Amino acid sequence: MSRPATDSPLDDLQARINTFWNWRGDTRQPGGLAIRNQQELQVWMEVLRAWLPAAPADAVDLGTGQGFLALVMAALGHRVRGFDVAQAQLERAREFAANVSNPPVFAIGDAIEPPLEPSSVDVIANRNILWTLLDPARAFRNWFAALRPGGRLIALHGITNANSTAITPEAKARDEAAYAEEVKARLLPIRRLPTVDPALPLIREAGFGDVAVHRIQAIESFEKAFENRDKTWLVITAARA
Ligand SMILES: C[S@@+](CC[C@H](N)C(=O)[O-])C[C@H]1O[C@@H](n2cnc3c(N)ncnc32)[C@H](O)[C@@H]1O
C-alpha cells in the first residue's frame, strides 16, 4: 500500500510538510505534542476508553507525531502501532515509549496510504492530522479498508481559540513555508477552526456509518487548568459495519 516516490504530484507538497515536522521533532519545539504529566495521561485515558473496544484490540495512531495518542491507547492495554512520515517525530515518540510497560511500535508510514493489510485492525485513531492530509478522501477510503468489520474510527481535532504563545517566530515562518497556498488548497478547510464538518461527507462516502461528532470538555477543562489555554476539542467517531 505504500506510495511510490515518483508516482504522485503530491510528493513535493508532502515533502515540504515532512521537512517542517522533522524540524519540529529535531529541535524539540514546544507546543504540546508530548504527554506532559500523569494527570494528562489519565484524562485522555478516561476520554478514549469510552470510544475504544475492550482491550486488547489492534489499534493504530496515524500521524502519531511524538506518540501521544498511541501512548494513551497502549496505557489502556491495546496493541498499538504509531505511524508518521517524520522520522524525527518518531524518534521522540520512541523516547517517550522507552519507559512504559506496554510500548507502542513506531514506524514510518503515510496516513493517506497507511501500511496496513485490508481488514486488519480494530481501531484507526488519529489526533490533529485531519487538517494536514493532502488527499483526505483517499485517506478515509484507505482507513475504511484497513478496518475489520465492526472496527472504529476515532479522529480528534483540537483548536486553540486564541493565538498560541508557544510558537516561536522561526516555527511560524517554517510553518508558513510548509503550508503555502498550493498546499492549503488541497487540505480540508479546518485548520485552526473549531469544526470538523467538511470531513463528514467524505467519511460517509468512504463507507463509514454511525458518523458522529462530540465535544470533549474533559480535555478542554484539563488544558484550561494546566496551562490556562482555551481550546476546543472535537472527535469524530465512526464505524465500519
Ligand atoms: C499536529 S502534529 C500531530 C501529532 C500527534 N498526532 C499529536 O496529536 O500530538 C501532525 C503530525 O502529522 C504528521 N503528518 C503530516 N502528514 C502526514 C501524513 N501524510 N502521514 C503521516 N503523518 C503525517 C506530521 O509529521 C506530524 O507529526
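Ile216 sits in the loop between strand 6 (209-215) and helix 9 (217-227); helices (H or I, at least four residues) and strands (E, at least two) are DSSP runs, numbered from the N terminus. This is a predicted model, in which local features need pLDDT of at least 70, side-chain atom pairs count only at pLDDT 80 or more, and totals for chains, interfaces and linings use all residues. Residues are numbered from 1 along each chain as its sequence is written.

Ile216 counts as buried because it has 21 C-beta neighbours inside 10 Å. A residue is buried if 20 or more other C-beta atoms lie within 10 Å of its own, exposed if 12 or fewer, and partly exposed in between, with C-beta atoms placed from the backbone. Leaving aside residues up to four places away in sequence, Ile216 touches Val47, Trp233 and Val235; contact requires C-beta atoms, placed from the backbone, within 7 Å. Ile216 and Trp44 are 172 residues apart in sequence, yet 9.9 Å apart in space, C-alpha to C-alpha.

## The nonpolar core

The largest nonpolar core contains 61 residues, and Val60, Val72, Met73 and Ile124 have the most contacts inside it. Helix 3 gives the most to this core, with 8 residues. Such a core is a set of buried Ala, Val, Leu, Ile, Met, Phe, Trp, Tyr and Cys residues joined through C-beta atoms within 7 Å. Val72 touches Leu41, Trp44, Met45 and Leu48, not counting residues up to four places away in sequence.

In helix 4 (residues 87-97), the residues Gln89, Leu90, Arg92, Ala93 and Ala97 are buried. They lie on the same side of helix 4, because they cover an arc of only 160 degrees around the axis, taken from the directions from the helix axis to the C-beta atoms. The cover over these buried residues includes helix 1, helix 3, strand 2 (79-84) and strand 3 (105-108).

The axes of helix 1 and helix 4 come within 6 Å and cross at roughly 35 degrees. Axes are lines fitted to C-alpha atoms, for helices over the stretch in contact, and angles run from 0 to 180 degrees between N-to-C directions. On helix 1, Trp21, Asn22, Gly25 and Asp26 meet Gln87, Ala88, Gln89, Glu91 and Arg92 of helix 4.

## Around the ligand

Of the 21 residues around the ligand, Trp21, Gly63, Gly65, Ala111 and Arg127 come nearest; a residue belongs here if its C-beta atom, placed from the backbone, lies within 6 Å. Helix 1 (11-26) and helix 3 (68-75) are the elements that give two or more residues to this shell.

How values were computed:
Contact = placed C-beta atoms within 7 Å.
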